[in-house]
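Hello,

Here is the structure for you to look over. My notes follow below it.

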Amino acid sequence: MSLDLTALGNYTDETKNELIRKSILGGRSIALANIQAGIKTTAPIQIFESDAVFQAGGCGWNASGTTTLTQRPVTVSELKINEAFCPKELEAKWTQTLLRAGSEQEELPFEAMLAEEKSAKIQKALEELMWRGDTAGSGNLAMTDGLIKIIEADGATVTGTTLALDAANIITAVDEMVAAVPADMLMSTDLHIFVSYETYRLYAAQLRAANMFHYTGEEGADFMMTIPGTNIKMIAVAGLNGQGKMILAEASNLVVGVDLLGEEESFKIRYSEDNEEVRFSTQFKVGFTTAFPERIVIKA
């Protein structure tokens, strides 16, 4: 069964402390990305581009210019979580004090907390899957390919060296990425450098040490700051923790494919009469890609 109570002694008279759920870094990336809904398996992202070719004025007609319609596919994977609980297992521990009177136990006394905890864990797992997913891997990350694998395979601009980021090179590394941004992207309003929390803290510390901006303690309080002298925001995301990578992109260029918006937040907690257990279940679809890989700069 799913309940693991081996760390608890049999009930004597323990204090009835509330169960404390862990604080988890929530997924920030999906909230910024371009969500494409209604995808059952694979669907194309429709890309429309048209240029503007000037001609000298005068009589006559001379057609020029090109309008191009292309597509990039996004494929979703169907995921689910199934977990079962036997409420009677709670009777021998201090948790018996949470149960209602009677031998029939058809619900968990902490279902609301379970729902909250599962929601947070799913959010964290999706954040990691979005960036680090690899179908050649294992565990949760093997469910679908994530953006790192897709970006590196599709020809993003790679800048600088592959040296590990440290205090001596972090400012130079960020400056190299900014310098590599294609000119036609410079006026975009949603440019972000996605980094790990450790990289964010390293960069912020070196900016303070170099006195490159007046630090009041408020900038970056939410692990987001504007790169000095640019319109590019640096944002820390848990999905890049431990990866040693920085990815500069327009947030709208990062595509998340789903079937139903918010489906990953929909779940069921129900009692199974046949099995005499409480069951938790959720199902949803998700996949990732980019619309314009050439408009992405990566420091790997």
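This is a predicted model: local features need pLDDT of at least 70, side-chain atom pairs count only at pLDDT 80 or more; totals for chains, interfaces and linings use all residues.

Gly244 sits in the loop that runs between strand S8 (233–236) and strand S9 (246–250). Helices (H or I, at least four residues) and strands (E, at least two) are DSSP runs, numbered from the N terminus. Gly244 is partly exposed, at a relative accessible area of 41%. The cut-offs: buried is under 20% relative accessible area, exposed is over 50%, and partly exposed is in between (1.4 Å probe, protein chains only). Leaving aside residues up to four places away in sequence, Gly244 touches Leu165, Lys299 and Ala300. A contact here is heavy atoms within 4.5 Å. Gly244 and Leu165 are 79 residues apart along the chain, and their C-alpha atoms are separated by 6.9 Å.

Residues are numbered from 1 along each chain as its sequence is written, and side-chain values use heavy atoms, with hydrogens and water left out.

Overall picture. The protein has 5 helices and 13 strands. Of its 300 residues, 39% are buried. Take the contacts between residues at least 6 apart in sequence: 76% of them join residues at least 24 apart. The accessible surface is about 16700 Å², and 51% of that belongs to carbon and sulfur atoms. Areas come from the Shrake-Rupley method with a 1.4 Å probe; for residues, only the protein chains shown count as cover.

Salt bridges. The structure holds 14 of them. The criterion is a side-chain nitrogen of Lys or Arg within 4 Å of a carboxyl oxygen of Asp or Glu.

Lys40 is in the loop between strand S1 (34–36) and strand S2 (42–50), and Asp259 is in the loop between strand S10 (254–258) and strand S11 (268–272), so the pair ties together parts 219 residues apart in sequence. Lys40 is exposed, at 56% relative accessible area. Asp259 counts as buried, at 12%. Lys40 and Asp259 also belong to a salt-bridge network with Lys285.

Glu128 and Lys124 form another, at 2.8 Å, N to O. Both are in helix H2, 4 residues apart, which means about one helical turn between them. Lys124 is partly exposed, at 31%.

Glu277 and Arg279 also meet in a salt bridge, at 2.7 Å, N to O. Glu277 is buried, at 9%. Arg279 is partly exposed, at 29%.

Surface charge. Which residues gather in a patch of negative charge on the surface? They are Glu104, Glu106, Glu107, Glu273, Asp274 and Glu276. Patch members have over 30% relative accessible area and no salt bridge; like charges are joined within 9 Å, and nonpolar side chains (Val, Leu, Ile, Met, Phe, Trp, Tyr) within 5 Å. Asp and Glu count as negative, Lys and Arg as positive; His and the chain ends are not counted. Each charge is placed at NZ of Lys, CZ of Arg, CG of Asp or CD of Glu. Glu104 itself lies in the loop between strand S4 (77–85) and helix H2 (111–132). Glu104 is exposed, at 52%.

One more loop. Asp222 is found between helix H5 (197–209) and strand S7 (224–226). Asp222 counts as partly exposed, at 44% relative accessibility. Its C-alpha atom is separated by 8.6 Å from that of Ile235, 13 residues apart along the chain.

Best wishes
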